[in-house]
Amino acid sequence: MVDGLVVALLVVSVLAGAVLIVEGLRGREPLWWHLGVAGAVELVLLVQAVVAIVLLIQGDQIAGSTGVFLAYLVGTLLALPLTLLWGLGEPSKWTLVALGVACLVVAVLVLRLDQIWAGV
């Protein structure tokens, strides 16, 4: 994995998570810019997925299990969209809190992806 991309993704997802949780706890309902914050995290996740797949195609080896890595990669990509679908079914301040928590979960999943890649 590309270390700079992992760090960027961790920073973006933790900041987005903090902003969304604070906004939700302040009683705000989801606005378009809130969705844009979550969308920015998802965009960086897509870049990471493309880079990881390209590296695998080019012959880079995952020190851990390739199957586990790919499962984490798919799970990471689905965390935010599934949370958003669930939250927009009944929009409230808790939608933003759930999205914020999902962003923090994404940060943890990205750390695990990096560990699997390195064989830790």
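Arg26 and Glu23 form a salt bridge, with their closest N and O atoms 3.2 Å apart; the term means a side-chain nitrogen of Lys or Arg within 4 Å of a carboxyl oxygen of Asp or Glu. Searching the whole structure turns up 1 salt bridge. Arg26 counts as exposed because its relative accessibility is 53%, while Glu23 is buried at 8% (buried is under 20% relative accessible area, exposed over 50%, partly exposed in between, with a 1.4 Å probe and protein chains only).

Keep in mind that this is a predicted model, where local features need pLDDT of at least 70, side-chain atom pairs count only at pLDDT 80 or more, and totals for chains, interfaces and linings use all residues. Residues are numbered from 1 along each chain as its sequence is written, and side-chain values use heavy atoms, leaving out hydrogens and water.

Now for the helices (DSSP runs of H or I, at least four residues, numbered from the N terminus). The axes of H1 (residues 3-25) and H2 (residues 32-57) come within 10 Å and cross at roughly 160°. H1 is therefore roughly antiparallel to H2 (the label for angles over 145 degrees, on a scale from 0 to 180 between N-to-C directions). Glu23 turns up again here: it is one of the H1 residues making the contact, and Trp33 is among those of H2 (contact means heavy atoms within 4.5 Å).

Finally, look at Thr95 in helix H4 (residues 93-118). Thr95 is buried, with a relative accessible area of 2%. Beyond its neighbours within four places in sequence, Thr95 touches Pro30, Gly87, Leu88 and Glu90.

Conventions:
Helix = DSSP H or I, 4+ residues; strand = E, 2+ residues; numbered from the N terminus. Parallel < 35°, antiparallel > 145°, perpendicular 65-115°, else oblique.
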